[in-house]
Amino acid sequence: MKRKQLLPLCVGALLALVACQPGRRGTEIHQSSRDRVVSVREAIREIPTDEVLLGNVGVPNVLGECLVVVGECATNECCVHLFSRDDYRYLKSVIPIGPGPEEITIWGPIATDESHGRFFLPDFGKRKIFVYELDSLLRDEPYAGAEWLSLDADAFPSDYTYVNDTLCVGRVIYPRGNSDFVPRVARWNMTTGAIVPISPVRDDLEKIRVTCAASGEYGLYVEMYNRVDLLSIGDFEGRVKANIYGPEWNSRQEKSYYSKAVFTTDGKLIVSYSGEDYATARTTRLLVFDLDGNYLRTLDVGYDILSMCYDGERDRLIMNFDDDSQLGYLDLEGLI
């Protein structure tokens, strides 16, 4: 047989061998080690917050020409803080905290609508979602935003990605009595209020606590389990693409695992990971996967990550730290 005829056969055999690796069977991926670790602490650039003095949690988002950070601070009584997206210069703080009609009592994560230059801010105390136009907030004139809709007490979104008015994807909370709840990843129609769960039910787990992230560009979500070493990637129709079991999947110790995730414009999934005891847990690592769930590498940030967002225009992660530095960014070019 000629060498040109042998080559396709060898390639086919190699592909078949890769497809049958014991670490992956269909949608089930078992990863026994994640040892491709790169330290990126020295590459982190601090975003000054001296003028606003944020509290421990300041959740970053990008919208238009602004970095929008949600959280309480010591220097004013507002819950949203605006920075320039170009140089991270502090601009102003908006939306006061309080019980009044133009105030927010218990704020939650925002969802951004880039096409209309606005964001949605939940008030879990009032059980309402309010909408704010960024341009109006940046002007000096008084602006209070508008009530968008009321939240159902039986099932409501707590954190979601906005795609359009009829399609949002995120974590929905189903209260169970006064002290417990069941979280599910679901599609949510803002216009009709319809909620359709799309994540699988895991009867093999006792008390499920999850966070999630979604991408309208890829039509995918990732469900991150906080108490076991498990990630699930699925599409918006409820089809599971991959269940990713990490090295400590069989552990039932009191540990903290996954919390935040972002999808990048070049087809990567970046997930913050702890793997430490609840009492002392620090989330300093970022695991990088492709969209099929294959592990690529680990970025060791060296700071305790509380929250993060992705700036696709700059290929940059912006993170909130529980550390001396509250906000910082990491350019991803050449790293992942």
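User: Which side chain does the side chain of Asp229 meet in a polar contact of 2.6 Å?

Analyst: The model is predicted. Asp229 sits in the loop that connects strand E18 (220-225) with strand E19 (230-235). A polar atom of its side chain lies 3.1 Å from the backbone nitrogen of Glu248. The side-chain partner, in a polar contact of 2.6 Å, is Tyr258.

User: Is Asp229 buried or exposed?

Analyst: Residues that Asp229 touches, leaving aside those up to four places away in sequence, include Arg34, Trp249, Tyr257 and Tyr273. Buried means under 20% relative accessible area. Because the relative accessibility of Asp229 is 0%, the residue counts as buried.

User: Which element gives the largest share of the largest nonpolar core?

Analyst: This core has 20 residues, and Val222, Leu231, Tyr258, Leu269, Val271 and Phe289 touch the most other members. Two or more residues each come from E18, E19, strand E20 (240-245), strand E21 (255-263), strand E22 (268-277) and strand E23 (285-290). The largest share is four residues, and the element that gives it is E21.

User: How many residues are in the other core, the one with Ile44 and Met319?

Analyst: In the largest core, Leu231 is among the residues that touch the most other members. Beyond four places in sequence, contacts of Leu231 include Val222, Ala242, Ile244, Tyr258, Val271 and Phe289. Apart from that core lies another, with Ile44, Leu296, Met319 and Ile336 among its members, and its size is 19 residues.

User: Which strands stand at the edges of the open sheet of six strands?

Analyst: The order in this sheet is E1-E2-E20-E19-E18-E17, and the pairing is mixed. E17 and E18 run antiparallel and are joined by six bridges, with Leu220 in E18 as the bridge partner of Ser215. Each edge strand has a single partner strand, so one side is left without a neighbour in the sheet; these are strand E1 (24-25) and strand E17 (210-215).

User: In the sheet with the order E9-E10-E11-E12, by how many degrees are neighbouring strands turned against each other on average?

Analyst: This is an open sheet of four strands with antiparallel pairing. Strand E9 (111-113) and strand E12 (146-150) are its edges, each pairing on one side only.

User: Which residue in E10 is the bridge partner of Thr112?

Analyst: E9 and strand E10 (residues 118-123) run antiparallel, joined by three bridges. In E10, the partner of Thr112 is Phe119.

Definitions and conventions: Residues numbered from 1 in each chain as written. Predicted model: local features only at pLDDT ≥ 70, side-chain atom pairs only at ≥ 80, totals over all residues. Heavy atoms only, no water. Buried < 20%, exposed > 50% of the residue type's maximum accessible area, 1.4 Å probe, protein only. Polar contact = N/O pair within 3.5 Å; in protein donor to acceptor, adjacent residues only side chain to side chain. Contact = heavy atoms within 4.5 Å. Pairing = 2+ DSSP bridges. Core = buried A, V, L, I, M, F, W, Y, C linked by side-chain atoms within 4.5 Å.
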